[in-house]
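Subject: A structure to look over

Hello,

Here is the structure I promised to pass on. Please open it first, and then read my notes below.

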Amino acid sequence: MSDSGWPADRIDTEHAHSARIYDYILGGKDYYPADREAGDAMAREWPALPVHMRANRDWMNRAVRWLAEEAGIRQFLDIGTGIPTSPNLHEIAQSVAPEARVVYVDNDPIVLTLSQGLLSSTPEGRTTYIEADFQHPEAVLESDEFRKTLDLGEPVALTVIAIVHFVLDEDDAVGIVRRLLEPLPAGSYLAMTIGTAEFAPEEVGRVAREYAARDMPMRLRTIDEAHEFFEGLELVAPGIVQVHKWHPDGTGEQGIRDEDIAMYGAVARKP
(Lines give C-alpha, C1' and ligand atoms only; values in the text may rest on other atoms or scores of the structure.)
Protein backbone atom coordinates (compact mmCIF):
# COMPACT_ATOMS: atom_id res chain seq x y z
CA MET A 1 0.00 0.00 0.00
CA SER A 2 1.13 3.55 -0.65
CA ASP A 3 1.14 6.14 2.14
CA SER A 4 -2.13 7.47 0.78
CA GLY A 5 -3.81 4.11 1.28
CA TRP A 6 -4.08 3.21 -2.41
CA PRO A 7 -2.67 -0.10 -3.69
CA ALA A 8 0.91 0.47 -4.80
CA ASP A 9 0.47 -2.11 -7.57
CA ARG A 10 -1.86 0.32 -9.38
CA ILE A 11 1.27 2.17 -10.47
CA ASP A 12 2.74 0.65 -13.64
CA THR A 13 6.49 0.98 -13.22
CA GLU A 14 7.36 -1.14 -16.24
CA HIS A 15 6.08 1.26 -18.88
CA ALA A 16 6.85 4.93 -19.37
CA HIS A 17 4.15 7.47 -18.47
CA SER A 18 3.91 10.99 -19.91
CA ALA A 19 3.66 12.70 -16.49
CA ARG A 20 6.73 10.89 -15.19
CA ILE A 21 8.73 11.60 -18.37
CA TYR A 22 7.87 15.28 -17.87
CA ASP A 23 8.97 15.07 -14.23
CA TYR A 24 12.26 13.42 -15.21
CA ILE A 25 13.10 15.99 -17.87
CA LEU A 26 12.23 18.85 -15.50
CA GLY A 27 14.71 17.45 -12.99
CA GLY A 28 12.20 15.82 -10.63
CA LYS A 29 12.61 12.58 -8.74
CA ASP A 30 9.28 10.78 -9.15
CA TYR A 31 10.00 8.55 -12.13
CA TYR A 32 11.11 5.01 -12.90
CA PRO A 33 13.79 3.53 -15.20
CA ALA A 34 11.30 3.22 -18.08
CA ASP A 35 10.55 6.93 -17.84
CA ARG A 36 14.25 7.84 -17.75
CA GLU A 37 14.92 5.65 -20.78
CA ALA A 38 12.06 7.26 -22.69
CA GLY A 39 13.08 10.79 -21.74
CA ASP A 40 16.69 10.20 -22.76
CA ALA A 41 15.60 8.69 -26.09
CA MET A 42 13.34 11.65 -26.81
CA ALA A 43 15.99 14.22 -25.88
CA ARG A 44 18.42 12.50 -28.25
CA GLU A 45 15.90 12.95 -31.05
CA TRP A 46 15.29 16.60 -30.11
CA PRO A 47 17.90 18.13 -27.79
CA ALA A 48 15.66 21.16 -27.24
CA LEU A 49 13.06 19.01 -25.46
CA PRO A 50 14.11 20.13 -21.94
CA VAL A 51 13.98 23.79 -23.03
CA HIS A 52 10.52 23.22 -24.47
CA MET A 53 9.21 21.52 -21.32
CA ARG A 54 10.64 24.17 -18.98
CA ALA A 55 9.08 26.88 -21.14
CA ASN A 56 5.69 25.18 -20.82
CA ARG A 57 6.07 25.11 -17.04
CA ASP A 58 7.12 28.76 -16.98
CA TRP A 59 4.04 29.61 -19.05
CA MET A 60 1.83 27.99 -16.41
CA ASN A 61 3.43 30.14 -13.73
CA ARG A 62 2.89 33.35 -15.69
CA ALA A 63 -0.64 32.51 -16.82
CA VAL A 64 -1.85 31.62 -13.32
CA ARG A 65 -0.26 34.74 -11.87
CA TRP A 66 -1.90 36.84 -14.60
CA LEU A 67 -5.29 35.24 -13.90
CA ALA A 68 -4.99 35.94 -10.18
CA GLU A 69 -3.45 39.42 -10.41
CA GLU A 70 -4.92 40.94 -13.55
CA ALA A 71 -8.20 39.06 -13.99
CA GLY A 72 -8.98 38.73 -10.28
CA ILE A 73 -9.69 35.00 -10.52
CA ARG A 74 -9.95 33.22 -7.17
CA GLN A 75 -11.04 29.75 -8.32
CA PHE A 76 -9.12 27.29 -10.52
CA LEU A 77 -9.97 23.92 -12.07
CA ASP A 78 -6.71 22.30 -13.18
CA ILE A 79 -7.08 19.36 -15.57
CA GLY A 80 -4.19 16.93 -16.02
CA THR A 81 -2.27 18.25 -13.03
CA GLY A 82 0.71 15.92 -13.25
CA ILE A 83 3.31 15.19 -10.61
CA PRO A 84 3.62 18.01 -8.04
CA THR A 85 6.44 20.41 -8.94
CA SER A 86 6.87 23.50 -6.79
CA PRO A 87 5.61 26.08 -7.27
CA ASN A 88 2.36 24.28 -7.88
CA LEU A 89 -0.64 26.12 -9.28
CA HIS A 90 -2.23 26.79 -5.87
CA GLU A 91 1.04 28.17 -4.51
CA ILE A 92 1.15 30.74 -7.30
CA ALA A 93 -2.53 31.68 -7.01
CA GLN A 94 -2.48 31.84 -3.21
CA SER A 95 0.68 33.95 -3.20
CA VAL A 96 -1.47 36.58 -4.90
CA ALA A 97 -4.78 35.79 -3.18
CA PRO A 98 -4.52 33.57 -0.08
CA GLU A 99 -8.24 32.82 -0.33
CA ALA A 100 -7.90 31.20 -3.77
CA ARG A 101 -9.44 27.74 -4.24
CA VAL A 102 -8.03 25.06 -6.53
CA VAL A 103 -9.39 21.72 -7.72
CA TYR A 104 -6.70 19.46 -9.16
CA VAL A 105 -7.63 16.60 -11.54
CA ASP A 106 -5.51 13.71 -12.78
CA ASN A 107 -5.96 10.01 -13.49
CA ASP A 108 -2.42 8.76 -12.81
CA PRO A 109 -2.22 6.83 -9.50
CA ILE A 110 1.27 8.14 -8.83
CA VAL A 111 -0.08 11.70 -8.81
CA LEU A 112 -2.61 10.63 -6.21
CA THR A 113 0.07 9.07 -4.01
CA LEU A 114 2.02 12.34 -4.16
CA SER A 115 -1.00 14.61 -3.89
CA GLN A 116 -0.12 15.87 -0.41
CA GLY A 117 2.10 18.34 -2.21
CA LEU A 118 -1.02 19.67 -3.94
CA LEU A 119 -3.07 20.01 -0.77
CA SER A 120 -0.92 22.35 1.33
CA SER A 121 -3.40 25.21 1.07
CA THR A 122 -3.29 28.48 2.95
CA PRO A 123 -5.77 28.61 5.86
CA GLU A 124 -7.87 31.13 3.93
CA GLY A 125 -8.04 29.07 0.73
CA ARG A 126 -8.66 25.48 -0.18
CA THR A 127 -7.26 22.79 -2.46
CA THR A 128 -8.63 19.37 -3.30
CA TYR A 129 -7.80 16.52 -5.64
CA ILE A 130 -10.07 14.49 -7.92
CA GLU A 131 -8.91 11.24 -9.48
CA ALA A 132 -10.65 11.33 -12.85
CA ASP A 133 -9.96 11.02 -16.55
CA PHE A 134 -9.91 14.20 -18.63
CA GLN A 135 -11.85 12.35 -21.31
CA HIS A 136 -14.81 11.90 -18.95
CA PRO A 137 -15.72 15.45 -17.88
CA GLU A 138 -18.83 14.30 -16.03
CA ALA A 139 -16.66 12.47 -13.51
CA VAL A 140 -15.14 15.85 -12.62
CA LEU A 141 -18.23 18.04 -12.82
CA GLU A 142 -20.44 15.68 -10.82
CA SER A 143 -17.93 15.00 -8.05
CA ASP A 144 -18.45 16.13 -4.48
CA GLU A 145 -15.00 17.73 -4.44
CA PHE A 146 -15.86 19.94 -7.42
CA ARG A 147 -19.22 21.02 -6.02
CA LYS A 148 -17.95 21.67 -2.51
CA THR A 149 -14.79 23.55 -3.48
CA LEU A 150 -15.86 25.81 -6.34
CA ASP A 151 -18.70 28.34 -6.28
CA LEU A 152 -20.23 28.44 -9.75
CA GLY A 153 -21.73 31.79 -8.95
CA GLU A 154 -18.22 33.23 -9.35
CA PRO A 155 -15.72 32.97 -12.24
CA VAL A 156 -13.43 29.97 -12.50
CA ALA A 157 -10.21 29.54 -14.49
CA LEU A 158 -10.13 26.22 -16.32
CA THR A 159 -6.49 25.27 -16.94
CA VAL A 160 -5.72 22.53 -19.47
CA ILE A 161 -1.95 22.48 -19.77
CA ALA A 162 0.13 20.14 -21.94
CA ILE A 163 -2.52 17.43 -22.21
CA VAL A 164 -4.65 17.74 -25.36
CA HIS A 165 -1.82 16.52 -27.60
CA PHE A 166 -2.47 13.12 -26.01
CA VAL A 167 -6.13 13.19 -27.12
CA LEU A 168 -6.71 11.81 -30.61
CA ASP A 169 -9.33 13.07 -33.06
CA GLU A 170 -11.78 10.26 -32.34
CA ASP A 171 -11.90 11.35 -28.68
CA ASP A 172 -12.80 14.97 -29.55
CA ALA A 173 -10.49 17.11 -27.41
CA VAL A 174 -12.34 20.30 -28.38
CA GLY A 175 -15.66 18.81 -27.28
CA ILE A 176 -14.17 17.69 -23.96
CA VAL A 177 -12.85 21.18 -23.20
CA ARG A 178 -16.20 22.72 -24.12
CA ARG A 179 -18.05 20.34 -21.76
CA LEU A 180 -15.75 21.33 -18.93
CA LEU A 181 -16.19 25.03 -19.71
CA GLU A 182 -19.98 24.88 -20.21
CA PRO A 183 -21.08 25.01 -16.53
CA LEU A 184 -18.61 27.75 -15.63
CA PRO A 185 -20.16 31.22 -15.39
CA ALA A 186 -19.55 34.23 -17.60
CA GLY A 187 -16.28 35.89 -16.69
CA SER A 188 -14.54 32.54 -16.35
CA TYR A 189 -11.33 31.85 -18.28
CA LEU A 190 -9.78 29.04 -20.31
CA ALA A 191 -5.99 28.75 -20.13
CA MET A 192 -4.40 26.13 -22.40
CA THR A 193 -1.18 24.95 -23.92
CA ILE A 194 -1.48 22.96 -27.13
CA GLY A 195 1.24 20.82 -28.70
CA THR A 196 2.33 21.65 -32.25
CA ALA A 197 4.96 20.54 -34.75
CA GLU A 198 4.81 23.69 -36.85
CA PHE A 199 8.20 25.10 -35.78
CA ALA A 200 10.40 21.98 -35.82
CA PRO A 201 8.39 19.38 -37.74
CA GLU A 202 11.13 16.80 -38.23
CA GLU A 203 12.48 16.88 -34.67
CA VAL A 204 9.09 17.02 -32.97
CA GLY A 205 7.85 14.32 -35.31
CA ARG A 206 10.63 12.05 -34.11
CA VAL A 207 9.71 12.74 -30.47
CA ALA A 208 6.08 11.93 -31.27
CA ARG A 209 7.17 8.61 -32.73
CA GLU A 210 9.06 7.81 -29.52
CA TYR A 211 5.87 8.49 -27.52
CA ALA A 212 3.79 6.40 -29.93
CA ALA A 213 6.25 3.50 -29.66
CA ARG A 214 5.47 3.49 -25.93
CA ASP A 215 1.67 3.45 -26.45
CA MET A 216 1.28 7.22 -26.08
CA PRO A 217 0.20 8.41 -29.53
CA MET A 218 0.09 12.16 -30.02
CA ARG A 219 -2.07 14.59 -31.97
CA LEU A 220 -0.08 17.74 -32.68
CA ARG A 221 -2.09 20.72 -33.93
CA THR A 222 -1.70 23.65 -36.29
CA ILE A 223 -2.46 27.23 -35.27
CA ASP A 224 -5.86 26.99 -37.01
CA GLU A 225 -6.67 23.82 -35.07
CA ALA A 226 -5.57 25.49 -31.84
CA HIS A 227 -8.07 28.29 -32.51
CA GLU A 228 -10.93 25.76 -32.44
CA PHE A 229 -10.56 25.42 -28.65
CA PHE A 230 -11.25 29.13 -28.20
CA GLU A 231 -14.23 29.65 -30.49
CA GLY A 232 -16.80 31.86 -28.78
CA LEU A 233 -14.28 33.10 -26.22
CA GLU A 234 -12.42 36.41 -25.98
CA LEU A 235 -8.69 35.84 -26.37
CA VAL A 236 -6.41 37.81 -24.09
CA ALA A 237 -3.61 39.63 -25.97
CA PRO A 238 -1.37 38.51 -27.60
CA GLY A 239 -3.73 35.65 -28.52
CA ILE A 240 -2.45 32.18 -29.36
CA VAL A 241 1.34 32.25 -29.49
CA GLN A 242 4.25 30.00 -28.64
CA VAL A 243 4.44 29.73 -24.88
CA HIS A 244 7.68 31.69 -24.52
CA LYS A 245 6.07 34.67 -26.26
CA TRP A 246 3.03 34.93 -23.96
CA HIS A 247 3.57 37.78 -21.46
CA PRO A 248 7.31 37.14 -20.96
CA ASP A 249 8.50 38.57 -17.66
CA GLY A 250 12.24 37.97 -17.85
CA THR A 251 12.23 35.25 -15.21
CA GLY A 252 12.34 32.25 -17.53
CA GLU A 253 15.10 30.94 -19.72
CA GLN A 254 16.47 33.59 -22.05
CA GLY A 255 17.39 33.35 -25.71
CA ILE A 256 14.83 30.68 -26.59
CA ARG A 257 14.52 30.06 -30.31
CA ASP A 258 11.12 29.53 -31.92
CA GLU A 259 12.25 26.14 -33.23
CA ASP A 260 12.92 25.03 -29.63
CA ILE A 261 9.26 25.35 -28.65
CA ALA A 262 6.48 22.99 -29.73
CA MET A 263 3.63 24.41 -27.68
CA TYR A 264 1.08 27.14 -28.23
CA GLY A 265 -0.34 28.92 -25.20
CA ALA A 266 -3.35 31.17 -24.76
CA VAL A 267 -5.79 32.54 -22.21
CA ALA A 268 -9.36 33.49 -23.13
CA ARG A 269 -12.39 34.87 -21.28
CA LYS A 270 -15.87 33.37 -21.43
CA PRO A 271 -18.27 36.24 -22.23
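**What I found**

E228 sits in the loop between α10 (223–227) and β6 (234–235); helices (H or I, at least four residues) and strands (E, at least two) are DSSP runs, numbered from the N terminus. Before going on, please note that this is a predicted model, in which local features need pLDDT of at least 70 and side-chain atom pairs count only at pLDDT 80 or more, while totals for chains, interfaces and linings use all residues. Residues are numbered from 1 along each chain as its sequence is written, and side-chain values use heavy atoms, with hydrogens and water left out.

With a relative accessible area of 36%, E228 is partly exposed (buried means under 20% relative accessible area, exposed over 50%, partly exposed in between, with a 1.4 Å probe and protein chains only). Leaving aside residues up to four places away in sequence, E228 touches V174 and R178, where contact means heavy atoms within 4.5 Å.

Next, the helices. In α1 (18–25), 6 of the 8 residues are buried, namely A19, R20, I21, D23, Y24 and I25. Their cover includes α2, α3, α5 (109–113) and α9. After α1 comes G27, with a positive phi near 90°.

Y32 is in the loop between α1 and α2. Y32 is partly exposed at a relative accessible area of 27%, and it touches I11, T13, R20 and I110, not counting residues up to four places away in sequence.

Helix α2 (residues 33–45) has 13 residues, which at 1.5 Å a residue should span 18 Å; its end C-alpha atoms are 19 Å apart, which agrees. The expected span is 1.5 Å times one less than the number of residues. Which residues of α2 are buried? They are A34, D35, A38, G39, A41 and M42. Seen down the axis of α2, these buried residues fall within an arc of 165°, so they line one face of the helix; the arc is that of the directions from the helix axis to the C-beta atoms. They pack against α1, α3 and α9 (201–213), whereas P33 and R44, on the other side of α2, are exposed.

In helix α4 (residues 89–96), the buried residues are L89, H90, I92, A93 and Q94. Among what covers them are α3, β1 (75–79) and β2 (101–106).

There is also a pocket to look at. The second largest pocket has a volume of about 190 Å³. Its lining includes D58, R62, I92, W246 and H247, and the largest share, 5 residues, comes from helix α3 (residues 49–69). On a 1 Å grid over the protein atoms alone, a pocket is an open set of points where a 1.4 Å probe fits, with protein on both sides within 12 Å along at least five of seven lines; lining residues have an atom within 4 Å of a point. Grid points are joined across faces, edges and corners, and the volume is the space filled by probe spheres set on the points.

Last, some backbone details. Most residues other than glycine have a negative phi, and most peptide bonds are trans. H247, in the loop between β7 and β8 (263–269), has a positive phi near 45°. A cis peptide bond joins S86 and P87, with omega about 0°, and another joins A237 and P238, with omega about 10°.

Best wishes
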